[in-house]
Amino acid sequence: MKSFISVCVLLFSVNIFAAKEVQNGGGGTTQDGSYQTWGSARISVDKDPLGFYAVPGLSLLTDRLLRMPLPENVKGELLAAITPSLARNYHQISSDKFDPSARANLVSIYAKLLNVSPENVVIFAVTEPKTKKTMLLPEFFRLTEIEQAAILFHEALWLVNSKATYEQIINIEQVTQVYLQEPTNRTHLLRVLYALGVFVNQPMLPLVPAMILQYRPESILDEDWSPVIIPMDDFFGGFDGLDQFLCKRRPAIKCLEPFPYKIDLRDVIRVKAAQNPENLFYMAFSDYLQGAPLVNVSISDDVRGTNPYIEYYHSIFLEVSIQAPKTLNFIMIDSQARRVGELYFFR
């Protein structure tokens, strides 16, 4: 049976940045011989679990997750791991209910894991994935609300994936705390989505929000994550980028062929990301294409009429929306708002 312990590492060193980065980080250990059950840790559980509003930081964390541009399947999984229920419980543990020798043992484990002195380790919470119980220790209640929310998210992530690594959990906790401190910062939001995407094996999580923010920047303030319409040209790196995939030089330029079946966009988008370092779409797209480089375009030319292919393709738009599938697909519409096909990725 595994338990995971949130810890605070107070590094009193000259490296101020490092101290801030790990000051409120949670941690967990899966080292052989270092697992702690409730019995071995000798933690007594209060009879009645805490209600939703009795857990500091929980309202803030839940509110922010509900507002985040996440697919419903991911959002639902995270909220289920966070929200108290008949199966999911939080308990407040007073100092006299946490055996001193057990605390010292846990501190020793984490001091070794984090390579710090035991005096610089503070335990905030203990979570047991099997019973879905989180014990909130006295030190937890001395944190700020944002720090508490970050610790609670840390604990919930162990329930989403009990085999996660300490590095994964602490990374998500840290970027989440930065985002909670400044929720209108676009980059902070995208970093949380990227870390979560890696964690739940859905790397597309930051891509669509990045596209929405690039074409509708006010979405971060309005919290409007409804679909946006973008030119298909932009998806292929611009007007010339689309031509690169459509036209052949023989030696004259010929652009009459139907759209190629599979297209590798990695190099084109890498270049666009380097040329436009502040473009959120190309930044997120370049990352995503490392794992899903091939794009398929399926276009019906029933409505094309006599228009040349090259003109027809340049007049198409993509409808981009937050979606649940693990593979992305976008609806293609023409200048008259007619659905003419779809674009999707191969992994």
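This is a predicted model: local features need pLDDT of at least 70, side-chain atom pairs count only at pLDDT 80 or more; totals for chains, interfaces and linings use all residues.
1. Nonpolar cores. The largest nonpolar core holds 88 residues. Within this core, Phe 235, Phe 236, Leu 265, Phe 330, Leu 343 and Phe 345 touch the most other members. There is also a second, separate core. It has 17 residues, including Ile 93, Phe 98, Tyr 166 and Ile 170.

2. Helix H9. This helix covers residues 207-215. Seven of its nine residues are buried, so H9 is largely enclosed by the rest of the structure. The buried residues are Leu 207, Val 208, Pro 209, Ala 210, Met 211, Ile 212 and Leu 213.

3. Strand S10 and its neighbours. S10 spans residues 317-320. It pairs with strand S5 (residues 228-231) in the antiparallel sense, over four bridges. In that pairing, Ile 229 stands opposite Glu 319. S10 is also joined to strand S11 (residues 329-333), again antiparallel, by three bridges. Here Leu 318 has Met 332 as its bridge partner in S11.

4. The two faces of S10. Which residues of S10 lie on the covered face, and which on the uncovered one? Leu 318 and Val 320 make up the covered face. Phe 317 and Glu 319 make up the uncovered face. In a regular strand, side chains alternate between the two faces of the sheet.

5. The largest pocket. Its volume is about 220 Å³. Helices H7 (166-181), H8 (186-199) and H14 (280-288) are the elements that give two or more residues to the lining. H8 supplies the largest share, five residues. The lining consists of Asn 171, Val 175, Thr 187, Leu 190, Arg 191, Tyr 194, Ala 195, Pro 206, Met 283, Ala 284 and Asp 287. By class, seven of these are nonpolar, two are polar and two are charged.

6. The whole structure contains seven salt bridges. Side chains of opposite charge can pair when their charged atoms come close. Why are Asp 63 and Arg 67 separated by about one helical turn? Because they are four residues apart in helix H3 (residues 58-67). An α-helix has 3.6 residues a turn, so residues three or four places apart point the same way. Asp 63 is partly exposed, at 30% relative accessibility. Arg 67 is partly exposed too, at 35%.

7. Glu 223 has 28% relative accessibility and counts as partly exposed. Asp 63, Arg 64, Arg 67 and Glu 223 are linked in a network of salt bridges.

8. The Asp 264 and Arg 266 pair. These two residues form a salt bridge, with their closest N and O atoms 2.7 Å apart. Asp 264 is partly exposed, at 33% relative accessibility. Arg 266 is partly exposed as well, with a relative accessible area of 29%.

9. Gln 244. This residue is found in helix H12 (residues 239-246). Is Gln 244 buried or exposed? It is exposed, with a relative accessible area of 53%; the cut-off for exposed is over 50%. Gln 244 and Val 268 are 24 residues apart in sequence. In space, their C-alpha atoms are 9.5 Å apart.

10. Glu 119. This residue lies in the loop between helix H5 (100-114) and strand S3 (121-128). Glu 119 counts as exposed, at 65% relative accessibility. Val 107 is twelve residues from Glu 119 in sequence. The C-alpha to C-alpha distance between Glu 119 and Val 107 is 8.5 Å.

How values were computed
Residues are numbered from 1 along each chain as its sequence is written. Side-chain values use heavy atoms; hydrogens and water are left out. A nonpolar core is a set of buried Ala, Val, Leu, Ile, Met, Phe, Trp, Tyr and Cys residues joined through side-chain atoms within 4.5 Å. Buried means under 20% relative accessible area, exposed over 50%, partly exposed in between (1.4 Å probe, protein chains only). Two strands pair if DSSP finds at least two bridges between them. On a 1 Å grid over the protein atoms alone, a cavity is a set of points where a 1.4 Å probe fits but cannot get out, and a pocket is an open set with protein on both sides within 12 Å along at least five of seven lines; lining residues have an atom within 4 Å of a point. Grid points are joined across faces, edges and corners, and a volume is the space filled by probe spheres set on the points. Ala, Val, Leu, Ile, Met, Phe, Trp, Tyr, Cys and Pro count as nonpolar, Asp, Glu, Lys and Arg as charged, and the others, Gly among them, as polar. A salt bridge is a side-chain nitrogen of Lys or Arg within 4 Å of a carboxyl oxygen of Asp or Glu.
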